[in-house]
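Subject: Model for you to look at

Hello,

Here is the model I promised. Please open it alongside these notes.

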Amino acid sequence: MRTCGATPGGPSLDGIDLTKQTVIQGVILKEGENDSVPNGAPVTNGHVRLLDASGEFTAEVPTNLEGQFRFFAAPGSWTLVVQAPGARVEQALIAAQGVPTDLVIHI
Amino acid sequence: MSRETSLVTAEWVASNLNNPSVVIVEVDEDTTLYAQGHIENAITFHWRDDLQDGLIRDLISKEKFEALLSKSGISNDSTVVLYGGNNNWFATYAFWYFKVYGHADVRLLDGGRKRWELDARPFVTEVPTRTATRYVAKDRDNSIRAFRDEVVAAIGTKNIVDVRSPAEFSGELAAPAHLPQEGGQIKGHIPTAKNIPWSKAANEDGTFKSDAELKEIYQGAGVDLSVDTIAYCRIGERSAFSWFVLHELLGVNNVKNYDGSWTEYGSLVGVPVAVGA
């Protein structure tokens, strides 16, 4: 979860009415040094997919130039599927209105 | 209309980047993507600035479509290859748009930007310059476009397929979850509509499933494709994707895209609405 501005995570929440939106966001970071990409670098060519509690596709976004993503969902159980060249990671979460879910996901 | 005439692979595009009879066009929901990088020699259409009338809610006029394609260097005999982000949502909408105006040879890049990126194929930032043409469009083909009165009349008599996510169909969400949950219209779906999300037709990498799998998606949901079918979503892009699956890949002719979709239907006064799964 977001604790302070210096913590890696999703895009700025400025201008978003968190009393009305159920935000799921985060940043995708590179883990491992078996390629030319430095460890901890943001993954800028990733795709993040949001699945509902039954596993059905709900939305998908590409990561931005900072490796970040954001969804506006509803309260409840969701699963993120992160895809990038040669990588695929799933992350389950529970979202709530008013408190953004802000994740750091390593792939 | 078949997979062979409507769909091309990334390999095909990679080997036709400099083919003068091929014009590659990127259409994205996130219109910043093209500037960040695109397929070599691809041009871009902006889904709002280029493809919406701007004053009334409608497609651009035939004359404006001719002007757009002429200045983009697209000829009547060009092979137009469309692709885009977000699983080709807006690219399939543009494909349907080209068909509405009767373009002969238009194709979709299977998997769009996503498959291209997952394959680690290159993007460039150079914007190509193309020589202007004199494009002549046909009159709109409304046999592939549904309007609101027809949709209301189709309740209980034709197939209505809601291709949005289950959470939008049930009324839990008002928009796809990468967009803020706002909008004037109420939530829910058109009564008697079957919820067959567009995503059922796509593999996780954004490419289309096989014809046999695609048929089973509709037959398994109890849709009799010999009956006329109307597909809708929120604003007509995802339903263009499902229209593409039915009309172009499976060759089902009596399918229309309702581009007014939920943003129109959900704002109509007095029409019936259903909620829940």
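Over which residues of chain A does pLDDT stay under 50? Residues 1-6 of chain A are the stretch in question. For these residues the model has 5 contacts beyond four places in sequence. Here pLDDT is the predictor's confidence in each residue, from 0 to 100. A contact means that the C-beta atoms of two residues, placed from the backbone, lie within 7 Å. Chain A as a whole averages a pLDDT of 88, and 88% of its residues score at least 70.

Some ground rules. This is a predicted model: local features need pLDDT of at least 70, side-chain atom pairs count only at pLDDT 80 or more, and totals for chains, interfaces and linings use all residues. Residues are numbered from 1 along each chain as its sequence is written, while chains are lettered from A and ligands numbered from 1 in the order in which they are written.

Domains of chain B

Chain B splits into domain 1 (3-140) and domain 2 (143-265); these bounds come from an automatic or database domain assignment. The C-alpha centres of the two domains are 22 Å apart. Their contact takes 20 residues from domain 1 and 18 residues from domain 2. On the domain 1 side, helices H1 (3-6), H5 (89-100) and H6 (112-118) of chain B each supply at least two residues. H5(B) gives the most, with 8 residues. By class, that side of domain 1 has 9 nonpolar, 6 polar and 5 charged residues. Ala, Val, Leu, Ile, Met, Phe, Trp, Tyr, Cys and Pro count as nonpolar; Asp, Glu, Lys and Arg as charged; the others, Gly among them, as polar. Helices (H or I, at least four residues) and strands (E, at least two) are DSSP runs, numbered from the N terminus.

The sheet

Chain B has an open sheet of 5 strands, paired in parallel, in the order E1-E5-E4-E2-E3. Strands pair if DSSP finds at least two bridges between them. E1 (7-8) and E3 (43-44) of chain B are at the edges with a single partner strand each, so one side of each has no neighbour in the sheet. E1(B) is joined to E5(B) (residues 106-109) by 2 bridges, and Val8(B) stands opposite Leu109(B). E4(B) is joined to E5(B) by 3 bridges, with Leu82(B) opposite Leu108(B).

Within E5(B), Val106(B) and Leu108(B) point one way, Arg107(B) and Leu109(B) the other, and all are buried. Buried means 20 or more other C-beta atoms within 10 Å of the residue's own, exposed 12 or fewer, partly exposed in between, with C-beta atoms placed from the backbone. H5(B) lies across E2 (22-26), E4 (79-83) and E5 of chain B, at about 175° to E5(B). Axes are lines fitted to C-alpha atoms, for helices over the stretch in contact, and angles run from 0 to 180 degrees between N-to-C directions.

Val255(B)

Val255(B) sits in strand E9 (residues 255-257) of chain B. Why does Val255(B) count as buried? Because Val255(B) has 24 C-beta neighbours inside 10 Å. Leaving out residues up to four places away in sequence, Val255(B) touches Thr229(B), Ala231(B), Trp243(B), Leu246(B) and His247(B).

Between the chains

20 residues of chain B contact 19 residues of chain A. H6 and H8 (166-170) of chain B each give two or more residues to the chain B side, and H6(B) gives the most, with 3 residues. That side has 10 nonpolar, 7 polar and 3 charged residues.

Best wishes
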